[in-house]
Protein chains: 2
Amino acid sequence: MEDLNQQITVAARPEGFPKESDFQLVSTSIRSPRDGECLVQVIYLSVDPYMRGRLRDVKSYAPPVAIGQVMVGRVVGRVLESRYEGYREGDFVFGDLGWRKYGIAKGQSLVRINPQAAPISTALGVLGMPGLTSYFGLLDVCQPQSGETVVVSAAAGAVGSTVGQIAKIKGCRAVGIVGSDEKVRYVTQELGFDAAFNYKSVDNHSEKLKGLCPRGIDVYFDGVGGAITDAVIPLVNVKARIAICGQISQYNLETPEMGPRLFWHLIVKRAKMEGFLVTDYTERREEGLRQLSEWVRSGTLKYREQITEGIENAPRAFIEMLSGRNIGKQLVKVSAE
Amino acid sequence: MEDLNQQITVAARPEGFPKESDFQLVSTSIRSPRDGECLVQVIYLSVDPYMRGRLRDVKSYAPPVAIGQVMVGRVVGRVLESRYEGYREGDFVFGDLGWRKYGIAKGQSLVRINPQAAPISTALGVLGMPGLTSYFGLLDVCQPQSGETVVVSAAAGAVGSTVGQIAKIKGCRAVGIVGSDEKVRYVTQELGFDAAFNYKSVDNHSEKLKGLCPRGIDVYFDGVGGAITDAVIPLVNVKARIAICGQISQYNLETPEMGPRLFWHLIVKRAKMEGFLVTDYTERREEGLRQLSEWVRSGTLKYREQITEGIENAPRAFIEMLSGRNIGKQLVKVSAE
């Protein structure tokens, strides 16, 4: 199988906002799996905000992707050939194979997906890392109580859309901050958020939030940071909890942005702010998935996937996701199901 | 007793750093206590960083002091006349009587001090609000574990000096950030901190901290904020805990200062930052005092008091405390013990 594989490598470290030319489509051969390995045909690959960090040449919780290497990322695929006793040809799995059409992985690094239980794509979204991020970030870090007000930034994205719905399930008032009027309609009319606003069409975020949160803000789930967060923090209630999940407004800045110093508000409000990573909840993964699956099956928890076709379009899908073009989970479809 | 009382009123809202002319010494008469009240002769009055907030015309956790009103604050004094059955003449008490030589208070608002147990002045310091702030802020908010590194800003002040010593008692490495070489000597040689540095004589706070904290920073107890905190936060370890106790570097700024956005570090480090007020621990006051008293009696917990004589000098003592002139707890002695 020579040169049948296609993969996207990192051609250059992005300066500021990534460009398509920072990536390169490369054709390669496919080798056969060795003992303990599987050959996987990728069906969906995931583009997520955290990947911007992997393109940066700084130490973080994971090492950066080297120039010339295949872009990292989780995929859903089909086992084509198995030399690992846990899988056979035709099994659906997910794993961290990166942006490629075919990949070899150790069988033990793959996780089985039951295609009868839910669409396989959900293993990258509502029943995958983003869904679990919402679940543990909201419920464990923020401990929302019935009747409290939960504000979510990036509320129409894969994580934020689930956070707001879980807040509703727990009896909270869910208020979303989004970047388009279409997203406002999506989260309020389709997902059942109590309120939302388009930060791009509102000058005074703080005044807007005050109006939408008449009892103040008890929980803030932040994926954005920057000016949005500057507007939220002064409005939090006593004993508020703030989960820092992402800071997407900052990821594409070459020079770190300055902002107002906000820690004084944490004293006055005796508020807690906590950063978290879903990888710290690996041991509770089954619990989270069981609950999320139940909510999805019952229709309580809705989700949307935006699917871009073709591995050659993965860089564009990634860049558009970073600029907030997507509603719900952004995926790239690489092969037919 | 006409015009025998003296008190300090707020003459003007300070702009930036408070000036002595923002306060006024006023002579008044002393009335007799009514049923349920005590007349108290103030012996010590306390000047604390939080009082700068009370001078500001903004809503906070307590209302501002009105212009023309006596400056608020806790005092230790002697009951001169009691019409409350709980106290008799000669009893020592503390209460929130403000900056005055004599004051009338409802008996139930006063708390008895046992002058045999410890010097009465300690009820405003190591065995009072500052000591309890250190105790609950460090032990409850930060949960330091033996072997961890605890960094304390304003480490030679009433709160910071106690925080570092409790950290040592709990088996931690205590590292202080202070504003003079004399303070470095005080916290390392007298109080037993493992290390400290004078931020005014160090250009690169971050490099200095790295050297003094070879295993990173697990706990940061912050009374200062601003550039000091900017240097600490990027150095915290995974699962670090940051207690925001005060932000004294910011209290005297007329225009809010901008600073680098730091929340991204909280994600990478899965760190928690929490503001707190000692008033939220009122129910656990006895527990805290019992432990602090035991440490003081055994000599494990040391303290220093810096005493300015004369109520007319209270504004100056307050201003000097805000500029970091004091070591340990700054008090003003108003009458003989």
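Colleague: How many residues of domain 1 of chain A are in contact with domain 2 of chain A?
Modeller: 13 residues of domain 1 of chain A touch 14 residues of domain 2 of chain A. Contact means that the C-beta atoms of two residues, placed from the backbone, lie within 7 Å. This is a predicted model, where local features need pLDDT of at least 70, side-chain atom pairs count only at pLDDT 80 or more, and totals for chains, interfaces and linings use all residues. Residues are numbered from 1 along each chain as its sequence is written, while chains are lettered from A and ligands numbered from 1 in the order in which they are written.

Colleague: Switching to the chains. How many residues of chain A are in contact with chain B?
Modeller: 27 residues of chain A are in contact with 27 residues of chain B.

Colleague: Which element gives the largest share of the side of chain A that touches chain B?
Modeller: α7(A) does, with 5 residues. β13 (258-260), α7 (263-268) and β14 (272-275) of chain A each supply at least two residues of that side. Helices (H or I, at least four residues) and strands (E, at least two) are DSSP runs, numbered from the N terminus. By class, the side of chain A that touches chain B has 14 nonpolar, 6 polar and 7 charged residues.

Colleague: In which sense do β13(A) and β13 of chain B pair?
Modeller: Antiparallel, over 3 bridges. Strands pair if DSSP finds at least two bridges between them. A:G259 has B:G259 as its bridge partner.

Colleague: What is the strand order of the open sheet of 12 strands?
Modeller: The order is β10(A)-β9(A)-β8(A)-β11(A)-β12(A)-β14(A)-β14(B)-β12(B)-β11(B)-β8(B)-β9(B)-β10(B), with mixed pairing.

Colleague: Why is one side of β10 of chain A and of β10 of chain B left without a neighbour in the sheet?
Modeller: Both stand at the edges, each with a single partner strand, so one side of each has no neighbour in the sheet. The twist averages 15 degrees from one strand to the next. Axes are lines fitted to C-alpha atoms, for helices over the stretch in contact, and angles run from 0 to 180 degrees between N-to-C directions.

Colleague: What joins β9 of chain B to β10(B)?
Modeller: 4 bridges, and the strands run parallel. B:V175 has B:A195 as its bridge partner in β10(B). Helix α4 (residues 181-190) of chain B lies across β9 and β10 of chain B, at about 170 degrees to β10(B).

Colleague: New topic: β16 of chain B. How many of its residues are buried?
Modeller: 5 of its 5 residues are buried. Buried means 20 or more other C-beta atoms within 10 Å of the residue's own, exposed means 12 or fewer, and partly exposed is in between, with C-beta atoms placed from the backbone. B:K329, B:L331 and B:K333 point one way from β16(B), and B:Q330 and B:V332 the other way.

Colleague: Which strands pair with β16(B)?
Modeller: β3 of chain B runs antiparallel to β16(B), joined by 3 bridges. There B:L45 stands opposite B:V332. β15 of chain B pairs with β16(B) in the parallel sense over 5 bridges.

Colleague: Now α9(A). Which of its residues are buried?
Modeller: A:A314, A:P315, A:A317, A:F318, A:I319, A:M321 and A:L322. After α9(A) comes A:G324, with a positive phi near 80 degrees.

Colleague: One last residue. Is A:K239 buried or exposed?
Modeller: A:K239 counts as exposed, with 11 C-beta neighbours inside 10 Å. A:K239 is in strand β12 (residues 236-244) of chain A. Its phi is positive, near 65 degrees, in a residue other than glycine.

Terms used. Ala, Val, Leu, Ile, Met, Phe, Trp, Tyr, Cys and Pro count as nonpolar, Asp, Glu, Lys and Arg as charged, and the others, Gly among them, as polar.
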